[in-house]
Amino acid sequence: MNFLKSALLLAFVLPGVVHADHIRELQTNAIEDGKSVLGHWGWDPENYLAWGSHSNRLIPVYTYGTLNAGAGIQLDSYKGANSPYASEEKLKALYDYVPYGTLNPSPEYFDQTNVFDIQKAALKAGKKHIILVVFDGTDWQTTWIAAIHKSKGVNYTSGRGSGLHLQDYQANGTTEFGYMVTAPWCTDSEVDLNTQKVVSVDTKLRGGYAYETAGEFPWSEPFDLKYLISKAELPELRQSYTDSACSAASMTTGIKSYNASINVRVDSSQADSIAHLAQRQGYKVGVVTSVPICHATPGAAYSHNVHRDDYQDITRDLLGLPSVSHPSEPLPGVDVLIGCGAGVERAKDDGQGNNWIPGNPYLTFEDRLKIDVRNGGKYVVAERTSGVMGIEELKEKGELAKEQNQRLFGFFGTQYSHLPFRTADGQYDPTIGRSKKAETYTDADIKENPTLAQMAEVALDVLNKDSAPFWLMVEAGDVDWANHDNNIDNSIGATLSGDAAVKVVTDWVEKNSSWDETVMIVTADHGHYLVVEKPELLVP
């Protein structure tokens with residue numbers, strides 16, 4: 001590390017000295033040097049970029065409206081003796097066997113499928129509003145660095161934490177905190193997109209959570225540092241970590257499956273999601289995301305597909321159009337879908353089936369026309385429009401959807417297919433990450449797109465027309481993209497963007513509903529592998 005960088009790092013910890021954008025400097029220096037005194041991604045302290053994918057860490061779960069809400073809704077229903085990890089029978093129901101080291105006599109954690117169970121219990125109890133907020137790829141460590149940055153201090157080293165709205169908000173004394181296992185049924189599979197069949201699954205790498213090796217808390221340091229990424233020294237300890245599709249499906253359908261599955265079991269059968277169950281009971285359903293409308297998490301809210309990359313068909317399910325999964329009897333479609341993918345064009349896409357149509361990889365031109373109310377479809381369409389503020393376009397079309405008693409579809413984004421990445425300082429100027437590249441945005445990219453919080457606000461407004469009951473998913477998908485890029489500046493910014501969306505929801509509940517009739521779960525689908533050695537360096 002050169003003298004200037006050493007001086008900058010020293011300035012971060014000297015009282016009274018504040019650098020204009022110290023998180024950016026930390027990130028840039030870490031990439032240029034290949035290591036950082038702040039920490040590292042993966043098991044090697046000497047290599048900042050040792051790992052750029054997911055891990056098998058326990059994931060925090062924050063709930064609101066659940067404490068004392070009754071069996072099945074409150075977290076005690078799934079912890080301790082009630083945890084599936086305390087029972088051989090329940091473990092076999094999840095994994096079809098008892099994974100090595102996974103049976104725990106007194107686990108305080110539960111399983112990701114229990115997130116579905118909570119929502120199902122809330123639906124059965126008649127809760128009017130059921131809301132699932134997913135911070136994609138956000139483990140305890142990701143939330144921690146964002147909270148440290150926002151509060152300008154290292155105020156906790158374990159537990160629920162404080163500093164972010166999602167941590168501090170108490171929901172009139174009904175909030176709870178827990179953590180869950182996210183392991184899949186297995187890692188790999190062979191699928192046929194055109195027949196929607198699972199041809200085979202590879203049982204060599206299966207799911208599980210060996211707690212004595214991994215640790216019993218989200219903030220634990222594993223005994224074998226490579227266990228979390230399926231590379232443990234002992235072969236029996238090599239257990240699978242999940243991807244975003246399988247993990248999202250666990251939370252929306254209650255099944256464990258293979259990585260890349262969108263609500264499809266290992267035997268090719270389709271699983272109903274909580275949105276389907278709610279819709280059949282007269283609930284409105286909505287999906288909001290900062291990334292493409294048909295990516296893994298929003299797709300798992302509603303669609304069926306043997307593979308997460310079959311984007312155009314996943315979108316068709318979300319919009320109630322015939323798809324490869326539902327060719328003759330389409331799904332009803334969601335009432336509100338707001339996300340990204342607009343403006344992207346591809347001439348070829350090997351990840352999609354024979355019915356792939358060149359052009360936008362997420363939504364075909366023909367399907368876009370079909371859904372529009374002006375062509376006899378069911379959706380008022382809000383789109384990124386040159387010279388028009390994104391929030392104004394979305395609000396205007398939201399009001400029109402309410403007036404006409406129609407559904408709402410919002411399609412926004414940049415050339416990168418997602419909303420502009422917010423950085424830790426609140427700007428939209430990412431620095432370099434693992435890829436050694438940084439995205440750049442025009443003024444139009446910023447102005448012509450709504451924020452995730454604004455998307456959530458409009459979705460709530462449209463879904464609540466006539467005080468209808470509803471189920472809503474909101475995904476802060478850009479956290480995962482930042483963590484894959486080993487970029488703490490983008491990661492903190494994305495977490496704060498998601499936290500702003502959570503505040504929109506809690507404000508809406510206080511104004512329009514109550515925590516007696518609302519249940520909200522804020523969590524992540526999986527973690528990454530950021531290890532923070534000196535958290536105080538995050539403090540200006």
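1. Lysine 503 and aspartate 507 form a salt bridge whose closest N and O atoms are 2.9 Å apart, a salt bridge being a side-chain nitrogen of Lys or Arg within 4 Å of a carboxyl oxygen of Asp or Glu. Both residues belong to helix α17, where they sit four residues apart, about one turn of the helix; helices here are DSSP runs of H or I with at least four residues, strands are runs of E with at least two, and both are numbered from the N terminus. Lysine 503 counts as partly exposed because its relative accessibility is 38%, and aspartate 507 is likewise partly exposed, with a relative accessible area of 37%. For these classes, buried means under 20% relative accessible area, exposed means over 50%, and partly exposed lies in between (1.4 Å probe, protein chains only).

2. A word on the basis of these remarks: this is a predicted model, in which local features need pLDDT of at least 70 and side-chain atom pairs count only at pLDDT 80 or more, while totals for chains, interfaces and linings use all residues. Residues are numbered from 1 along each chain as its sequence is written, and side-chain values use heavy atoms, with hydrogens and water left out.

3. By the salt-bridge rule the count comes to 22. One of these pairs is arginine 384 with aspartate 445, the closest N and O atoms being 2.9 Å apart. This pair links distant parts of the chain, 61 residues apart, since arginine 384 lies in the loop between β10 (379-383) and α13 (390-403), and aspartate 445 in helix α14 (residues 443-447). Arginine 384 counts as partly exposed at 25% relative accessibility, whereas aspartate 445, at 8%, counts as buried.

4. Because glutamate 393 and lysine 397 are four residues apart in helix α13, about one helical turn separates them. Glutamate 393 counts as buried at 9% relative accessibility, and lysine 397 is buried too, with a relative accessible area of 17%.

5. The next points turn to helix packing. Two packed helices are described by the angle between their axes and the distance between the axes. The axes are lines fitted to C-alpha atoms, for helices over the stretch in contact, and the angles run from 0 to 180 degrees between N-to-C directions. Angles under 35 degrees count as roughly parallel, over 145 as roughly antiparallel, 65 to 115 as roughly perpendicular and the rest as oblique.

6. The axes of helix α5 (residues 140-151) and helix α17 (residues 488-512) come within 9 Å and cross at roughly 85°, which means that α5 is roughly perpendicular to α17. On the α5 side the contact (heavy atoms within 4.5 Å) is made by Thr142, Ile145, Ala146, His149 and Lys150, and on the α17 side by Ile488, Ser491, Ile492, Thr495, Leu496 and Asp499. The residues of this contact divide into five nonpolar, four polar and two charged, where Ala, Val, Leu, Ile, Met, Phe, Trp, Tyr, Cys and Pro count as nonpolar, Asp, Glu, Lys and Arg as charged, and the others, Gly among them, as polar.

7. Helix α17 also meets helix α2 (residues 22-33), the two axes coming within 8 Å and crossing at roughly 140°, so α2 and α17 are oblique to each other. Here Ile23, Arg24, Leu26 and Gln27 of α2 make the contact with Ile488, Asp489 and Ile492 of α17. By class, the contact of α2 with α17 has four nonpolar, one polar and two charged residues.

8. For α13 and helix α15 (residues 452-463), the axes come within 10 Å and cross at roughly 10°, and the two helices are therefore roughly parallel to each other. Ile391, Leu394, Lys395, Gly398, Glu399 and Lys402 in α13 meet Gln454, Met455, Val458, Asp461 and Val462 in α15, a contact whose residues divide into five nonpolar, two polar and four charged.

9. Two single residues complete the note. Histidine 276, in helix α9 (residues 274-280), is buried, with a relative accessible area of 4%, and the side chain of histidine 276 reaches the backbone oxygen of tyrosine 302 at 2.7 Å. Serine 250, in helix α8 (residues 244-253), is buried with a relative accessible area of 1%; not counting residues up to four places away in sequence, serine 250 touches Gln112, Thr113, Phe116, Ile255 and Lys256.

Note on methods. Polar contact = N/O pair within 3.5 Å; in protein donor to acceptor, adjacent residues only side chain to side chain.
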